[in-house]
Amino acid sequence: MQNWINALSWLNVRFLLMGLWVTIYISVISVILSFILGSILGIIRYSKIKFVSKIVGFIIDIIRNVPLLLIIFFTYFGLPNFGLRPETIPAAIIAMTVFESTMIAEIVRSGIQSVDPGQMEGARSTGMSFVQALWHVVLPQAYKNMIPTIISQFVSLIKDTSLATIIVVPELMQHAQVIYGQNANYILPMFAALAVLYFIVCFTLSVIGNQIGKRLS
Amino acid sequence: MSMIEFHDVQKFYGHFHALHDINLKIDQGETVVLIGPSGSGKSTLVRTVNGLESIQKGQLIVNNHDLSDPKTDLNILRRDVGMVFQHFNLYKNKDVLENIMLAPRIVSHMPEKENKEQAMHLLEMVGLEKWAHNMPSQISGGQKQRVAIARTLAMRPKLILYDEPTSALDPEMIDDVLQVIKKVTTDSGMTSLIVTHEMGFAKEVANRVIFMDQGRIVEDDASESFFKRPKTERAQQFLSKIISH
């Protein structure tokens, strides 16, 4: 019992919350960037520009089928070979964004494909361009259907940021490791604290997602 | 002045030869009805006219745009060529009024006030002004199709293509829609190409009937003489089956 009280001292909890802040910071930026990039890639995949769509599809397949951990390693230890030396936090954001964009791209593509093709034909038959028809008619319907899937993808993203501990990003997981690294008795209290903090963040996002989904349908 | 000209047009889906040697000329102001058994290529033919389906051989000219030329801008062609679909294809994310106003706003850049007045006027014409702010999911199939016709008219097209406009409707809804189509075709001097299975309606509105079978035009005649005395055996067979019940 004393171990738990010592482990969860204000000093330690504050240190954990600083880590949580970095986790949220990385997550929010990666969510925004991967939503934009993933949507663009998904639309390119859906479009009829065959050559570009094939190349993008090939790249997406490679990234989706490689462990995220490897991508994180690559951005931190690999990119310097190409003259880029990102700090740990930008490296984590780059890796998360690249990986999540490919996931979102496939969600967006299948979301667009699940909209009745008649919607696109109806819009195109009035003289709208492909992009106008997508923007005004098809995408609003597609995103409405996609919201639950996209939210759960973002929940995984938040949990996946813990992998960035491997390149010593000062995020939640890494800060917990620092604390229990000093005293092995703190391991269990730290695991419990991690579980609670990740749960609060992810569960809140899921609830918000469900609310949005309900309001739209 | 011809509105549509097909010269030896061929259409393939992979190895399937969907349209054979289509030669057809439709003049401005004509109302042409396209009939034939299902799978005969009627819908495919109509969908080539606004480029929803591509053609593989021959030449197709619509409203002076050459659809066999890959450089032709289909978006410009389609401003003047409306289409009414079997399944309506109203935008599910927009209400009735917005369905009608969207294309004039973003394609023809019509001023908002004029656009709204026109949309309300068109809704009155199809008898649905009370439904302006309902979503498509809240109205019946017959009402949806009337909105779809209003949406097409909002672009003030020179040619309207109707692809089985009543095939997906309950029997008691069909008449309302046919009345609207009749009004549109007779009032306006617009060119119309109509795929339909409604023979009574075809007789009433068409100047000219085209009968298709297995991807070919089998018969092309004035409406009156076609229904009185079809020339080919295949058309006689078809008509006797349809009219007998």
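Across the interface of chain A and chain B in this predicted model, eight residue pairs are in polar contact, with both partners at pLDDT 80 or more. Helix 6 of chain A gives the most, with six residues. Sorted by class, the side of chain A that touches chain B holds ten polar, four nonpolar and three charged residues.

Stepping back to the interface as a whole, 17 residues of chain A are in contact with 21 residues of chain B. The size of an interface is often given as the accessible area lost when the parts come together. Here, the area buried between chain A and chain B is about 1600 Å², and carbon and sulfur atoms give 52% of that area. Three residues stand out on the chain A side: Glu121(A), Ser125(A) and Thr126(A) supply 32% of the area that chain A buries against chain B, more than any other three residues.

Over all chains, a search of the whole structure finds 17 salt bridges. One of them pairs Asp21(B) with Arg216(B), the closest N and O atoms being 3.8 Å apart.

In the first, Arg146(B) forms a salt bridge with Asp176(B), with 3.7 Å between the closest N and O atoms. This pair links distant parts of the chain, as Arg146(B) sits in helix 5 (residues 141-153) of chain B and Asp176(B) in helix 6 of chain B, 30 residues apart. Arg146(B) counts as buried because its relative accessibility is 12%, under the 20% cut-off, whereas Asp176(B) is partly exposed at 39%. In the second pair, Glu204(B) forms a salt bridge with Lys182(B), and the closest N and O atoms are 2.6 Å apart. Here helix 7 (residues 199-205) of chain B, which holds Glu204(B), is linked to helix 6 of chain B, which holds Lys182(B), across 22 residues. Lys182(B) is partly exposed, at 26% relative accessibility.

In soluble globular proteins, nonpolar side chains tend to be buried together. The largest nonpolar core in this model has 45 residues, and those with the most contacts inside it are Ile35(B), Ile100(B), Leu123(B), Ile149(B), Val184(B) and Phe226(B). Helix 6 (residues 171-188) of chain B gives the most to this core, with six residues. Leaving aside residues up to four places away in sequence, Leu123(B) touches Val96(B), Leu97(B), Ile100(B), Leu128(B), Glu129(B) and Ala132(B). A second, separate core of 42 residues includes Ile93(A), Phe99(A) and Ile167(A), along with Ala103(B).

Conventions:
Residues numbered from 1 in each chain as written. Chains lettered and ligands numbered in written order. Predicted model: local features only at pLDDT ≥ 70, side-chain atom pairs only at ≥ 80, totals over all residues. Heavy atoms only, no water. Contact = heavy atoms within 4.5 Å. Buried area = accessible area lost by both parts, 1.4 Å probe. Polar contact = N/O pair within 3.5 Å; in protein donor to acceptor, adjacent residues only side chain to side chain. Helix = DSSP H or I, 4+ residues; strand = E, 2+ residues; numbered from the N terminus. Nonpolar A, V, L, I, M, F, W, Y, C, P; charged D, E, K, R; others polar. Core = buried A, V, L, I, M, F, W, Y, C linked by side-chain atoms within 4.5 Å. Buried < 20%, exposed > 50% of the residue type's maximum accessible area, 1.4 Å probe, protein only. Salt bridge = Lys/Arg side-chain N within 4 Å of Asp/Glu carboxyl O.
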